[in-house]
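Please consider the structure shown below together with its sequence. The paragraphs that follow lead through it step by step.

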Amino acid sequence: MSKRREQGFPGRDAVLAFIRAHPGKVGTREIAREFGLKNADRAELKRMLRELADEGAVAKRRRKMHQPAELPPTVLADITGRDSDGELLATPTEWDADESGTIPRIRVVFPRRPQPGTTAGVGDRALLRIERTDEADGTPYRGRVIRVIAHARTRALGIFRRNPDGSGRLVPVDKKQAGRELNIAKADSMDAEDGDLVSVDLIRTRAYGLASGRVKERLGSMATEKAISLIAIHAHEIPQAFTPSALSEAEAAKPPRLEGREDWRDIPLVTIDPPDAKDHDDAVHAEPDRDPNNKGGYVVHVAIADVAYYVRSGSALDRDALTRGNSVYFPDRVVPMLPERISNDLCSLVPGEPRGALAVRLVIGADGHKRSHSFHRVLMRSAAKLAYAQAQAAMHGRTDDVTGPLLDPIIRPLYAAHDLVRLARDARDPLDLDLPERKILLKPDGTVDRVIVPERLEAHRLIEEFMILANVAAAETLEKKGLPLIYRVHDQPTQEKVHNLLEFLKTLDLSFAKGGALRPAVFNRVLSQVKGGDVEALVNEVVLRSQAQAEYSAENYGHFGLNLRRYAHFTSPIRRYADLIVHRALIRALGLGEGALPADETLEHLGEVAAQISATERRAMKAERETADRLIAHFLADRIGATFQGRVSGVTRAGLFVKLDDTGADGIVPIRTLGTEYFNYDETRHALVGSRSGAMHRLGDVVDVRLVEAAPVAGALRFELLSEGQVVPRGRKRDGERDVLKSQRSEKERANRASRKKAGTRSRQESGKSGKGKSWRR
């Protein structure tokens, strides 16, 4: 029954309580009906709702009011300015306003006793510890600075192009700054040579003409090998050099002795890696279980390099590793998390050499489910180093000198155990996206030779599934022991993204049964409907975009994609700091000796570490992607005018992004180049639709394009579209499409009314006209 008001306008608390009781289901109309408000009160209600949204108390999405998304205890934020009192304000670096509502503001505060690296200013990016506040000034959060991640950009990175008189210009390496060059006077050039990668201080900005800069540092010549990855390393401030104290600790390290370890040197563990792998941090072995109570079952051993033995908490090696967070892999080099003395020598499980390891013994039942597990600190000796294709070839009868003697005693049991594990994996039904990954192969001079899509082998899946089992076992053990740890978590898609996916699938006449709890199987059923069809790549891409991003967290909320309730990274401590934390926690929990997690380690501190290494992981992914873009742009720079086949990989209001089939290169087709009619951006269908012809260019479409421009330094490509769009039949709109068009018409009408109001036009005739709304010229 409606709460008809008896004493004036409803208070804020009453309105908030009603919204919180019906999140996502009520808008202005429903609230007015609930409290018996008349038309004259609507303006006041809308004003109140705007204030609540501005303060972050509610979030408005699709005309409905929602509870605002909460910030986590630790967040990466950008310091954007100051309030009227001069205090710093920040906003979270990653925030989707469409899904989570108004971007929350955070008042930045500093530790009472400032530590090195905690002094921040406007433009900086910092890691903040978040607290809720009761202040009614639009800043619902207070964020205490833990660490400054990046300072404000007062410098630019680019390639120096020298003029005959010694002056020059800077060609920016940032794709967003492509075409915005800087002037550099001869006196400010630091004698840079043509083609040098340089860091430049911005010294003057002009209203017209080029801005100016002063060379601060010469970083290397672009004529040398490995120059392309050097750009990403400096652009993202990825540390290259280890501190002298860390290098001294690495050089002083000695191989572990058997004392305090179990002797596993007679167990024929083998490593299976890519053929070009330089470090080998995991080894596997399997054998039939001799326990009569587990007939048909297997025992699987997974041994992981004992990095915690060498990298102790609080040491110089530990500080350097945390700063890096992870190793970064480029086509031409690796920037390691640990010095090579550790990663490529003492902790690399090379054949025939005794190595320390933290190992797990997994007992697998005949149904493929893990029946039990136990962790051991061991001394092991790898029996062989195998490549994925080499192991797979042996199973197909093509053995070589290495795999011949290993086939029956080692390789076949591994595959037999994997056959069982796969049964449980299929029953678990994790998210099964089919998105091939490309690999860039280089010539000796560092330029691109070719781009390949490595074949997906059963050997890859074998190692992946064994590593997943080991990771689950680690998380289960630490939870049982009640120790803090860093989880690998992956949240389920938001209701907003699921709704958007549902609307998109309607345009393809595909069903999406979302009743009950959301599980990966729901998405897998959609993917199975399009398997082998024309829209398979399109649907895989859209399903991927509906998913949340995996991250590290000291709080466990499960791994949606793998369909696991608890999951932690344990299997790659050479290249991921999260795994090192888990190793230390296991050593402490099980009393396995030196290198344990400190007894005073807190969940709050691990939350800070998790946020930091999540940020370094994203930094590495971006740097790796940009390097691939630059390499491919260099590769294609001399093919201007050539035509290629590709697939639309992105649709935005700016135009179409196209990924080429043969190289995987991404480039843009600007919307202004599509033709002579207006194009509307249809968010539901991920498409640009011609307003006159109905021609539609949609995500996933196979298209032919011509390369018009390449900017190798920025990794940017511009294409001209040669393919015609699909024509949407007039008058045959599905329900979902009618909703989209209705929404677009409403937007156009609102925009037109606002324009008329601004112009002061009051005539009844004008108010009945329709406007153009949000459309763009071809």
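Predicted model: local features only at pLDDT ≥ 70, side-chain atom pairs only at ≥ 80, totals over all residues.

Most residues other than glycine have a negative phi.

From this one residue we may turn to the whole chain. The protein chain has 18 helices and 35 strands. Of its 778 residues, 50% count as buried. The accessible surface of the chain comes to about 38500 Å², and 47% of that surface belongs to carbon and sulfur atoms. Among contacts between residues at least 6 apart in sequence, 66% join residues at least 24 apart.

Ser 327 and Ala 620 are 293 residues apart in sequence, yet their C-alpha atoms are 7.9 Å apart in space. With a relative accessibility of 8%, Ser 327 counts as buried. When its neighbours within four places in sequence are left aside, Ser 327 is in contact with Val 334, Val 335, Pro 336, Met 337, Ile 574 and Arg 575.

Ser 189 has its place between strand E10 (182–184) and strand E11 (196–204). Is Ser 189 buried or exposed? Its relative accessible area is 2%, and Ser 189 is therefore buried. Not counting residues up to four places away in sequence, Ser 189 touches Phe 160, Gly 166, Ile 184 and Val 215.

Helix H12 (residues 495–506) packs with helix H14 (residues 536–545) at an angle of about 165 degrees, and their axes are 10 Å apart. H12 and H14 are therefore roughly antiparallel to each other. The crossing in which H12 passes H14 is right-handed. On the side of H12, the contact is made by Lys 497, Leu 501, Phe 504 and Leu 505, and on the side of H14 by Leu 538, Val 539, Val 542, Val 543 and Arg 545. Divided by class, this contact has seven nonpolar, no polar and two charged residues. An α-helix has 3.6 residues a turn, so residues three or four places apart point the same way.

Helix H13 (residues 520–529) has seven of its 10 residues buried, so it is largely enclosed by the rest of the structure. The buried residues of H13 are Pro 520, Ala 521, Val 522, Phe 523, Asn 524, Val 526 and Leu 527. They pack against H12 and H14. In the loop between H12 and H13 lies Asp 509. At 57% relative accessibility, Asp 509 counts as exposed. Its phi is near 60 degrees, which is a positive value in a residue other than glycine.

The axes of helix H5 (residues 227–235) and helix H16 (residues 603–636) come within 9 Å and cross at roughly 145 degrees. The crossing of H5 and H16 is right-handed. H5 contributes Ile 228, Ser 229, Ile 231 and Ala 232 to the contact, while H16 contributes Ala 623, Thr 627, Arg 630, Leu 631 and His 634. These residues divide into five nonpolar, three polar and one charged.

Which residues of H9 are buried? They are Tyr 388, Ala 391, Gln 392, Ala 393 and Ala 394. The cover over the buried residues of H9 includes both strands and helices, among them strand E14 (270–273), strand E21 (384–387), helix H10 (407–428) and helix H11 (458–481). Just after H9, Gly 397 takes a positive phi of about 90 degrees.

Key. Residues numbered from 1 in each chain as written. Heavy atoms only, no water. Axes fitted to C-alpha atoms, helices over the stretch in contact; angles between N-to-C directions. Helix = DSSP H or I, 4+ residues; strand = E, 2+ residues; numbered from the N terminus. Left-handed = near helix turned anticlockwise from the far one by under 90°. Contact = heavy atoms within 4.5 Å. Nonpolar A, V, L, I, M, F, W, Y, C, P; charged D, E, K, R; others polar. Buried < 20%, exposed > 50% of the residue type's maximum accessible area, 1.4 Å probe, protein only. Areas by Shrake-Rupley, 256 points an atom, 1.4 Å probe, with all protein chains shown as cover. Parallel < 35°, antiparallel > 145°, perpendicular 65-115°, else oblique.
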